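User: Could you walk me through this structure? I would like to begin with the contacts between charged side chains.

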Amino acid sequence: MKVGDTAYIVESNRYVREVEIRKCSGGMFLVRFTDTGGGIQVKAHRLFATREDAEKSIIERPVEKKVQGNPYDRWY
């Protein structure tokens, strides 16, 4: 990837956001978010060339069901 390219980043292992690469230096990329205009510096392994690649990297975890009950039932 080079300066001016559009890339995608995964935030909080949930959201895919589009970014524009502004600067590259020593394996670190300064990127600007296209929707808000803010920017951050990230390592190369966090950037993806396509939205589909970024979505594939999101880890799907099963939803755990919590047991509902009275906490005093476990005392005896």
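This is a predicted model: local features need pLDDT of at least 70, side-chain atom pairs count only at pLDDT 80 or more; totals for chains, interfaces and linings use all residues.

User: Is Arg17 buried or exposed?

Analyst: Arg17 counts as buried, because its relative accessibility is 18% and the cut-off for buried is under 20%.

User: And Asp35, buried or exposed?

Analyst: Asp35 has a relative accessibility of 57%, so it counts as exposed.

User: Which residue forms a salt bridge with Glu11?

Analyst: That residue is Arg17, and the closest N and O atoms of the two are 3.2 Å apart. Both Glu11 and Arg17 are buried. Taken together, Glu11, Arg17 and Asp35 are linked in a network of salt bridges.

User: How many salt bridges are found in the whole structure?

Analyst: A search of the whole structure finds three. One of them joins Glu20 and Arg22, where the closest N and O atoms are 3.8 Å apart. Glu20 is partly exposed, at 28% relative accessible area, and Arg22 is also partly exposed, at 42%.

User: What about the charges in general, how many positive and negative side chains are there?

Analyst: The protein has 14 positive and 11 negative side chains. The centres of these two sets lie 6 Å apart.

User: Let us change topic. Which elements does the chain have, and in what order?

Analyst: Starting at the N terminus, the order is β-β-β-β-β-α.

User: Why is the protein described as more spread out than a compact globule?

Analyst: The reason is its radius of gyration of 19 Å, which is well over the 11 Å that the globule rule gives for 76 residues. Along the principal axes, the C-alpha atoms fill a box of roughly 65 × 25 × 20 Å.

User: What share of the residues is buried?

Analyst: Of the 76 residues, 22% are buried. The accessible surface comes to about 6300 Å², and 49% of that surface belongs to carbon and sulfur atoms.

User: What is Phe29 in contact with, leaving aside its neighbours within four places in sequence?

Analyst: The contacts of Phe29 include Met1, Ile21, Cys24, Ile40, Val42 and Leu47. Lys23 and Lys43 are also among them.

User: How does Phe29 lie relative to Arg17, in terms of C-alpha atoms?

Analyst: The C-alpha atoms of Phe29 and Arg17 are separated by 15 Å, and the two residues are twelve apart along the chain.

User: Now the backbone. What is phi of Ser12?

Analyst: Phi of Ser12 is near 55°, a positive value in a residue other than glycine. Ser12 lies in the loop between β1 (6-11) and β2. Ser12 is exposed, with 59% relative accessible area.

User: And what is phi of Asn13?

Analyst: Phi of Asn13 is near 55° as well, again positive in a residue other than glycine. Asn13 has its place in the loop between β1 and β2. Its relative accessible area is 27%, so Asn13 is partly exposed.

Note on methods. Residues are numbered from 1 along each chain as its sequence is written. Side-chain values use heavy atoms; hydrogens and water are left out. Helices (H or I, at least four residues) and strands (E, at least two) are DSSP runs, numbered from the N terminus. The radius of gyration is taken over C-alpha atoms; the globule rule is 2.2 Å times the number of residues to the power 0.38. Buried means under 20% relative accessible area, exposed over 50%, partly exposed in between (1.4 Å probe, protein chains only). Accessible areas come from the Shrake-Rupley method with a 1.4 Å probe; for residues, only the protein chains shown count as cover. Lys and Arg count as positive and Asp and Glu as negative; His and the chain ends are not counted. The place of a charge is taken as NZ of Lys, CZ of Arg, CG of Asp or CD of Glu. A salt bridge is a side-chain nitrogen of Lys or Arg within 4 Å of a carboxyl oxygen of Asp or Glu. Contact means heavy atoms within 4.5 Å.
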